[in-house]
Amino acid sequence: MANSSLHRVVITGLGAITPIGNTLEEYWEGLMAGRNGIDLITAFDASEHACRIGGEVKGFDPYEFISKKEAKRMDRFSQFAVAASKQAIADAGLEINDSNAPDIGVMIGTGVGGLKVLEDQQTIYLDKGPSRCSPFMIPMMIGNMAAGLTAIHTGAQGPNSCTVTACAAGSNAVGEGFRLVQRGYAKVMISGGTEAAITPLSYAGFASARALSRRNDDPKHACRPFDKDRDGFVMGEGAGILILEELDHAIARGAKIYGEIVGYGMTCDAYHMTAPTPEGTGATRAIELALKDAGLAPNEVNYVNAHGTSTPANDITETKAIKRALGDQAYKILVSSTKSMTGHLLGGSGGIEAVATAMAIANDRVPPTINLETPQEGCDLDYVPNESRAHKVEVALSNSFGFGGHNVTLAFKKYRPE
Amino acid sequence: MNQEIFEKIKGIIVEQLDVDADSVAPESNFITDFDADSLDTVELIMAFEEEFDIDIPDEEAEKITTVGEAVEVIDSSTKAS
């Protein structure tokens, strides 16, 4: 039931399946160590592709979370989401039962959904004809199925939806989940992003769009956000999920609290399908709106988890946007791109980066931007090059921008009882 | 019952429905014994068609509820073709 007064929303559980670790602990330890998750891809024969590198999830065992029969009817992007959600629920100590299930919802974003199953079935269609296409193709492929399957496998019967805003999808999902809890439509939202787009067709398309790094002979140094020698993003895969919970509900059950979500800003460039506006004006407004939503001033921000894709366009315009939105404060804070370690998970990135930002708040430690050797001219902020740093993080922002001109900023704050 | 066909589809059933090979008997019912849903059944029939290079019309497929019935339909289809 919607309530006219706004509720505080805290983060009580985290889950992560990433190219640098398949548990929250491994992921965070990897971020702190500057672990590099990028390598030559093994998912398919990429020898004819312009880009042959990526951040694959390694050693993921879906059967740890899902039965064999159930896992077979899920695309990898859904397997990641269900697994990370189960981790987050366990981490939160949250029990979903008949009485609370309607108050617990799911909001999980994805950029492209089940590309793998689509590509496999298209091949079957061409080889053997329409009558051989799997009855599971459509339910496996559709992007909302990560949210649907997460509900099926956890019992969460509350609000359930999916954001599909390309590389902003995960952050949109966290933002929308935050709104639903804040406004009283749910007590708990299982929110985040997931992606499994390391597939032949995806690599062909992104490479044709000239979006991907071609540093195939040196994968470990290919993803280098804010560095002058960067040449495109490196695809990653995985899922990051947060348990967003109404504060009183969390306190009543004695849950641990990582931090609070306090603001959500969202804009569109209304400019170009894939390129940001040269001055980063849409991104600037997203940051400003998140701060306004949170009732925070620029000088209260300590850390920005950047979108930081390592593409020529993003890193310059995002830097401009941070400076425009935060003014002088931009030079007093830390800004880092964890994509330097994980690669770019498209719709999953907002999920794992919200997890990283929540951990930075909880631990007062900031993950680095690895591979930053010579900063790009104009990229003159403190990007936490190569080594994680102890740093008091009271307020942090996480940026995500997507094809279509979508700009999303989330604002996080250290939890203080008031 | 054609034992050769039975053994072949047993393998397919075990793989697709994740059931024990020992539990697959001619009288086993796909829905009540193996917890198959409508999509599973469609997928199974397609796998049988593929394996035996036959075409099972929908009206035939709809009548199949047990493993033994599947063997019969496949047996008559392979003889017909």
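Is A:Lys339 buried or exposed, and what is its relative accessible area? The close-up views below, taken from a predicted model, begin with this residue.

Figure 1. A:Lys339 is buried, and its relative accessible area is 0%. A polar atom of the A:Lys339 side chain lies 2.6 Å from the backbone oxygen of A:His307. When neighbours within four places in sequence are set aside, the residues in contact with A:Lys339 are A:Cys223, A:Ala306, A:His307, A:Gly308, A:Thr309, A:His344, A:Ser349 and A:Glu353.

**Figure 2. The crossing of helices H1 and H13 of chain A.** Two packed helices are described by the distance between their axes and the angle between them. Helix H1 covers residues 24–33 and helix H13 covers residues 349–363; their axes come within 11 Å and cross at roughly 75°. Angles from 65 to 115 degrees count as roughly perpendicular, and H1(A) and H13(A) are therefore roughly perpendicular to each other. From H1(A), the contact involves A:Leu24, A:Tyr27, A:Trp28 and A:Leu31. From H13(A), the contact involves A:Ile352, A:Glu353, A:Val355, A:Ala356, A:Met359, A:Ala360 and A:Asn363. Sorted by class, the residues of this contact are nine nonpolar, one polar and one charged.

**Figure 3. The buried face of helix H8 of chain A.** Within helix H8 (residues 200–208), the buried residues are A:Ser202, A:Tyr203, A:Phe206 and A:Ala207. Viewed down the axis of H8(A), these buried residues fall within an arc of 125°, so they line one face of the helix. Strand E3 (53–54) and helix H4 (115–128) of chain A are among the elements that cover them. A:Leu201 and A:Ser208, on the other side of H8(A), are exposed. Just after the helix, A:Arg210 adopts a positive phi of about 60°.

**Figure 4. Positive phi values at A:Asp364 and A:Asn386.** Most residues other than glycine have a negative phi. A:Asp364 is not a glycine, yet its phi is positive, at about 50°. This residue is located in the loop between H13 and strand E11 (365–366) of chain A. A:Asn386 is likewise not a glycine and has a positive phi of about 65°. The loop that holds A:Asn386 runs between E11 and strand E12 (389–390) of chain A. With a relative accessibility of 34%, A:Asn386 counts as partly exposed.

How values were computed: Residues are numbered from 1 along each chain as its sequence is written. Chains are lettered from A and ligands numbered from 1 in the order in which they are written. This is a predicted model: local features need pLDDT of at least 70, side-chain atom pairs count only at pLDDT 80 or more; totals for chains, interfaces and linings use all residues. Side-chain values use heavy atoms; hydrogens and water are left out. Axes are lines fitted to C-alpha atoms, for helices over the stretch in contact, and angles run from 0 to 180 degrees between N-to-C directions. Helices (H or I, at least four residues) and strands (E, at least two) are DSSP runs, numbered from the N terminus. Angles under 35 degrees count as roughly parallel, over 145 as roughly antiparallel, 65 to 115 as roughly perpendicular and the rest as oblique. Contact means heavy atoms within 4.5 Å. Ala, Val, Leu, Ile, Met, Phe, Trp, Tyr, Cys and Pro count as nonpolar, Asp, Glu, Lys and Arg as charged, and the others, Gly among them, as polar. Buried means under 20% relative accessible area, exposed over 50%, partly exposed in between (1.4 Å probe, protein chains only). The arc is that of the directions from the helix axis to the C-beta atoms. A polar contact is a pair of N or O atoms within 3.5 Å; within protein, one must be able to donate a hydrogen and the other to accept it, and residues adjacent in sequence count only if both atoms are side-chain atoms.
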